Structures are given as structure tokens and as C-alpha cells.
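Hi,

Here is the model I promised to pass on. Have a look at it first, and then read my notes below.

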Amino acid sequence: MSEVDVLFASLRQAADPRTVECIENVVLHGSDRELNRINALAFADQHHLDEEKTIAAFLHAARIGAFEMTWNVLCPGCGGVLDSGATLKTVVHETYHCALCAAGYEPTLDEMVEVTFTVSPRVRRIAAHDPDRLPPLEYYRQIFFSSGVDLPDDLEARFSRIQLEMIELAPGEKAFVSLQLPAQFVIIFDAVTHSAQFIDVQGEPTDERQTLSMIISRTHALNETLTLRPGSLRLTLENHTDRRVVPNVCIAGDELHDLLGRRRAFLTAKRLLTNQSFRDIYRTDTLDVDQRLKITSLTFLFTDLRGSTALYERVGDLAAFDLVRAHFRVLHEIVATEAGAVVKTIGDAVMATFPSPDRAVAAALRMREAMLRLNAEHGSDDLLLKIGIHEGPCLAVNLNDRQDYFGQTVNIASRVQGLADPNVIMTTEAIVGDAQVSEILRDSGITSASRMAELQGIGREVRIFALS
């Protein structure tokens, strides 16, 4: 049995067999491009697989070394990859600048950091393992642009309509290029160093030859927009790096914007951090102690058992422990199947996160039903679950050697749970105001009653909603 056979045999033991079969089939028969920076959500859609099972399968594949996981910081404008690393710990800059868009962005884990999977060289060597040997336009496709940019299969034909020139320059090499400038906005851009030069071509055409020199270096120097006239241009390009570069000259018009504007869903860092399989596998190796990464929207769900102290007194430690442990097991399963993750347990309480309010509400409704069933099975109302949900911005941090969350959103969610009565789901306006949550409540026949409440330590009244 080969090493690859051993790896996939191990993967089938850890992940969904049908998903593993699809992954193995692509490894054996897919193109090189299909195995580089795989978008797990697009892979699931293409093969008609469950998204959560697909994410889990790729995480397990990365754990055993069959695939390499990469965290890419993206430009929200053009979809280009501004930085890339093997862990989230590499996202360390307060601002990332995109030369192509001439803009800087503060990284957030919602839409600016994607997670992709590339087949390991030990499983199969692909061209992208040596990116400097990729054809220039293929480098743009496979290395520069993120998996969320839905580039067409006929990219070469489409790009040729706006491309004035594209060349390769070896380290230290200089090239002279002659081209005709049209009366449009033109960009000279290199995807390796992210160097850019903008040219606003306007005015009357000229018969005189215009000249321009551009040095491509690692400094990512920002060049001011130049104004030239339509006509002949003598362009000098110099590579002052130790790598091959692939500068291109193209027209920045509607066709380019249309190419880059086609987007598809991708696996964000936020979604992965709220994935139970990820937390189980990478629980101690996600963030550095000093990292503080922003998430613009995350949903928190807190639960607690009312009267658990009296329960231990009434039925004894052993019986109470078994009952509470069964309650934890059910809650963990529900959280995981609703695309969430348990962050931690505190006594008899659970703190969980979800990528969106609707998944948290769906989980809460299932939790309530599950506790009612457990109580019915035991013939008493011993498990009185209190649930609170809130959504908003927060920071992903490292606390007590684990990936955790910090901020007022977390505090409010915890306080809201404290106001809940047994078997009542308490939420905030941010939750019930969500369109998908409204649909869930309407379909489930759930009613809500609202009131203003002052939350301890918050310093202001908050409108809360009891779902019953």
C-alpha cells in the first residue's frame, strides 16, 4: 500500500466517506489547477456535498498532511491575495495595502481572510508548488486572485481583449517594450511584487514617442498617476528582485471590472473559527497571545442550567453528573450540526459561536426541544435550560491558551442569557431583526415578547425579546 493510500485510508476513518471519495478522485484525476487553493465551499457545491462535512474533511486532510491549509488576506476591492501564511498567526499587520486598487484596508476575519487547501507534494506534485514556473496569466489566476473571484474558464481570451502587453522578467533583467496607448485609463501591474503604475491617457494623440521607466522591487513603492497622451510609448521595465516577475499592461475599463467583479462564496476565517471540527483539531494553535483580530459580525449563544446546585443535592452527585454530561453532549452535537462551535464550558454553562443569527436561533430551538425530551425520558424537569443570543462585532483573541472572543457583544450575550427564564430563548433586537430569523420564527409558530432591560455592566438599557 502506497503512502497516498495510507493517508486516504486514515482520512476515511476521520471524515465523511463520500466527501473523501470526491477529494481522492480529484487528487487522482483532476487538473493541477483544481488542486491548488481549493475553495471548500465551491468544492462542496460542485460535487453536491454538505458544506460542513466538506470543511471537516479538508481540515482532517490538512491534519494528516495530505493537504496544506493556507490563510490568505484579501483585498475586498479586486479580490487579490495581499498576504498569505500557513496559520492565522501570520495576519499581523494593522493595515494591508492593495496597489492594484490603490487602497489600504484593516483586516477583518469576515470577508478579508480566506482559508484554502492545496494538495501536499507528498500526495501529488502540481505546477503551483513552484509558482515562479507558472505561465504568467496562470500565476495571476492561481496565485494572485483569491478563490472567491469566479474567474471564467476562457480567462485568456477575455483578458487578451484588454491586455496591451504581458512579459516575464528574470531576476535583475531589464526589458524595453513599445506599445500604443489608447485614450483610456491604463495600469501597469505585477502580481508577484504587487507593484503598480497608473496612467491616465487623455488629450490629443501625439506622434512623438513618449517614454516611461518602471522599477519593480520588493518595496511596493506607490507611484503617482501619470498623465500621458494617446500614441506610442517606449516602456522600460527593470526587475530589482530575486524572483521572476510578470508585469502586464492592461486597460482598466468596464471589461476588467466585469472580470474581477464575478464573486462566489468562500471559506472565511470567521466561519472556520466557528467550526467545531477546526476548534477540536487546532484548539491550541490558532492565535498568538498578542493578536487581536476584528470580526464585524459574529453571533454568540450562551446557555446555563437553572437550579443545577439543587439538582446535585436532590439526586446525588453521580446521577446529576451523568445527566449534566448528557446535556453537554446533546448541546455540542446541535451546535456542530448548525455550523457553530463550542468556545468553552463554564460550570454548567456553554458559550458557543455561529456565523449568522439564523443558525444560532435554529440551534437554540433544537436545544430547547432536546432538553424537553431528556426530561421526559427521565420523568422529571431536572434540566431547565436558559438560552441567550446576541450578534455584533468582536475581537478574536487568545485567552488562557485557547482561541476566545472579547468585546461588548460577548458581554451582552452573556447578560441576556442571565435574564432568561427556563425553556425561554432570550435574544436582542439584532437577532430578531434578521430576515432569516424572522422566517424561522414564522415557520415554527414562535412568538416574541419584548421589553427594555438594564444589563449589568453594560450601562444602558437594551431591548430584549423572549421567544416562547
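**The cavity**

Helix H7 makes the largest contribution to the lining of the largest cavity, with 3 residues. Before I go on, some ground rules: this is a predicted model, where local features need pLDDT of at least 70 and side-chain atom pairs count only at pLDDT 80 or more, while totals for chains, interfaces and linings use all residues. Residues are numbered from 1 along each chain as its sequence is written, and side-chain values use heavy atoms, with hydrogens and water left out.

Back to the cavity. On a 1 Å grid over the protein atoms alone, a cavity is a set of points where a 1.4 Å probe fits but cannot get out, whereas a pocket is an open set with protein on both sides within 12 Å along at least five of seven lines; lining residues have an atom within 4 Å of a point. Points are joined across faces, edges and corners, and a volume is the space filled by probe spheres set on them. Searching the whole structure turns up 1 cavity of 30 Å³ or more, and the volume of the largest cavity is about 160 Å³. Its lining has 13 residues, with Tyr 140, Phe 145, Phe 159, Leu 256 and Leu 260 nearest the centre. At least two lining residues come from each of H5, H6 (155-160), S13 (247-251) and H7 (254-261); these labels are DSSP runs numbered from the N terminus (helices H or I, at least four residues; strands E, at least two). By class, the cavity lining has 12 nonpolar residues, 1 polar and no charged. Here Ala, Val, Leu, Ile, Met, Phe, Trp, Tyr, Cys and Pro count as nonpolar, Asp, Glu, Lys and Arg as charged, and the others, Gly among them, as polar.

The largest pocket comes out at about 600 Å³. Among its 24 lining residues, Arg 33, Glu 34, Asn 36, Arg 37 and Arg 264 are the closest to the centre. H3 (40-46) and H5 (136-144) each supply at least two residues of this lining, and H3 gives the most, with 4. The class count for the pocket is 8 nonpolar, 7 polar and 9 charged.

**Cysteines**

The structure has 0 disulfides (a disulfide being a pair of cysteine sulfur atoms within 2.5 Å). Cys 78 is in none, and the nearest cysteine sulfur, in Cys 98, is 3.7 Å away. What about Cys 98 itself? Its closest cysteine sulfur is in Cys 75, at 3.6 Å, which is too far for a bond. Cys 78 is buried at 4% relative accessibility, and Cys 98 is buried at 1% (buried means under 20% relative accessible area, exposed over 50%, partly exposed in between; 1.4 Å probe, protein chains only).

**A sheet of 3 strands**

There is an open sheet with the order S7-S12-S10 and mixed pairing (two strands pair if DSSP finds at least two bridges between them). S7 (174-181) and S10 (206-216) are at the edges with a single partner strand each, so one side of each has no neighbour in the sheet. S10 and S12 (231-239) pair in the parallel sense over 8 bridges, and Ser 213 has Thr 236 in S12 as its bridge partner.

**One last residue**

Arg 415 sits in H13 (408-418) and is partly exposed, at 31% relative accessible area.
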